[in-house]
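Subject: Structure handover

Hello,

Please find the structure below. My notes on what was found in it follow.

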Amino acid sequence: NRKPVSGPHSTTFVATPEGTALAYGSLVFMALLPIFFGALRSVNCGKSKNSSDMPETITGRDAARFPIIASCTLFGLYLFFKIFSQEYINLLLSMYFFVLGILALSHTMSPFMNRIFPANIPIKQYQLLFTQGSGETKEEIVNYEFDTKDMICLVISTVVGVWYILKKHWIANNLFGLAFALNGVELLHLNNVSTGCILLGGLFVYDVFWVFGTNVMVTVAKSFEAPIKLVFPQDLFEKGLGANQFAMLGLGDIVIPGNCLMFSLYPAPSSLKKNTRTYFYTSFLAYIFGLGMTIWVMHTFKHAQPALLYLVPACIGFPVVVALLKGELTEMFSYESSEEVLPHTPRLTHYPTVSGSPASLANSMQSSSSPRRRRNNPPM
């Protein structure tokens, strides 16, 4: 009887100490991978001249709305699972995440493929174009450009997708989950520290309320079959790759803190520039501490815990303490990301036309399912 709510948690299966340590250690390690590499890739993405690859900015208003939107979505899913057949809902969700997972995993693999692709193999360009109307009213719906390397990434990602659809294997789930988390950290950007505090604070209340206040989160999580969590078996030593007793961690407990950590990597004012990475490393250690506290409390009291209950105080408190000790608290909260770093952050006001590389296609699909984000205009 699993309790797959937000945060890492276990089933009623009594695991060995070795199996428990391996499962929770692996979850922590997997959670750190998309945060660290997604943050670094986001900085490189921000410096890119390709506007289709630019991160999208979350403003304070977006951050305040996000917990409300998430609550409505969660409760809507709860009603759907109560009214309609769980089998058909999960079939539709599986197809959606199958397509989105292929694109996200392809985007994740793309930089690695660029490095290892043999130079002696010719690279061919392809284009997939769908239009609507004709003549002057002709409008592009999909303009998808890709090359040989992108094709290889898409083929590999499709194999993983078919594996997940047919078997629902935990390794395939984690490959898609890691890709979603990395893309979420890489392609979303906060415009200032206050926005991060609003976002974390709102989701802190959201997580605690829906986990402890109602059974909605538990019901949806038990019914929802999609790669929206990382899992690792606690009975791996007993059953090998066929293990089925899992510890779990929701992707929201990775992406949201990861976005706040990523902000500290962007160039800061002169008063902070010399020590910019100090805040990133502090926040990174705070995340490890908060996740460790979640696991310890859950394991001690044998009850599922909302990870943000521990992650939010740690991820906000640690950097604030460091800023106080360095005398930079005012500068930290008054700092907004520079337009030089994010010169073309898009403003999403409608479902976008798809064009460009697999990276931009994955970005577009993820943006379509996210709250509206606007370009941040720094103060003059």
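**Helix packing around α2**

Helix α2 passes α6 in a right-handed crossing. A crossing is right-handed if the near helix is turned clockwise from the far one by less than a right angle, and left-handed if it is turned anticlockwise. Helices here are DSSP runs of H or I with at least four residues, strands are runs of E with at least two, and both are numbered from the N terminus.

Before the rest, the conditions. This is a predicted model, in which local features need pLDDT of at least 70 and side-chain atom pairs count only at pLDDT 80 or more, while totals for chains, interfaces and linings use all residues. Residues are numbered from 1 along each chain as its sequence is written, and side-chain values use heavy atoms, with hydrogens and water left out.

Back to the pair α2 and α6. Their axes are 7 Å apart and the helices pack at an angle of about 20°. The axes are lines fitted to C-alpha atoms, for helices over the stretch in contact, and angles run from 0 to 180 degrees between N-to-C directions. The two helices are therefore roughly parallel to each other; angles under 35 degrees count as roughly parallel, over 145 as roughly antiparallel, 65 to 115 as roughly perpendicular, and the rest as oblique. On the α2 side the contact (heavy atoms within 4.5 Å) is made by G60, A63, A64, F66, P67, A70, S71, L74 and F75. On the α6 side, T195, I198, L199, G202, L203, Y206 and W210 take part. By class, the residues of this contact divide into twelve nonpolar, four polar and no charged. For these classes, Ala, Val, Leu, Ile, Met, Phe, Trp, Tyr, Cys and Pro count as nonpolar, Asp, Glu, Lys and Arg as charged, and the others, Gly among them, as polar.

Helix α2 (residues 60-83) also meets α7 (residues 216-223): the axes come within 9 Å and cross at roughly 60°. That makes α2 oblique to α7. The crossing of α2 and α7 is left-handed. From α2, the residues in contact are L74, F75, L77, Y78, F81 and K82; from α7, they are V216, M217, T219, V220 and S223. The contact of α2 with α7 has eight nonpolar, two polar and one charged residues.

Helix α7 is mostly covered, with six of its eight residues buried (buried means under 20% relative accessible area, exposed over 50%, and partly exposed in between, with a 1.4 Å probe and protein chains only). Those buried residues are V216, M217, T219, V220, A221 and S223. They pack against α2, α3 (86-116) and α6.

**Individual residues**

T195 sits in helix α6 (residues 193-213) and is buried, with a relative accessible area of 2%. Leaving aside neighbours within four places in sequence, T195 is in contact with I58, T59, G60, A63 and L190.

N191 is in the loop between β4 (188-190) and α6, and counts as buried at 6% relative accessibility. The C-alpha atoms of N191 and T59 are separated by 5.9 Å, although these residues are 132 residues apart along the chain.

K168 lies in the loop between α4 (148-167) and α5 (170-187). Its phi is near 55°, a positive value in a residue other than glycine. K168 is partly exposed, with a relative accessible area of 33%.

P319 is found in helix α12 (residues 308-326) and counts as buried at 8% relative accessibility. Not counting residues up to four places away in sequence, P319 touches Y279, T282, S283, A314 and M332. P319 and F280 are 39 residues apart in sequence and 8.5 Å apart in space, C-alpha to C-alpha.

**Cysteines and totals**

The structure holds zero disulfides, a disulfide being a pair of cysteine sulfur atoms within 2.5 Å. C260 is in no disulfide, and the nearest cysteine sulfur, that of C315, is 7.2 Å away. C260 is buried, with a relative accessible area of 17%. C153 counts as buried at 1% relative accessibility.

The protein has 14 helices and seven strands. Of its 380 residues, 51% are buried. Among contacts with a separation of 6 or more, residues 24 or more positions apart account for 78%.

Regards
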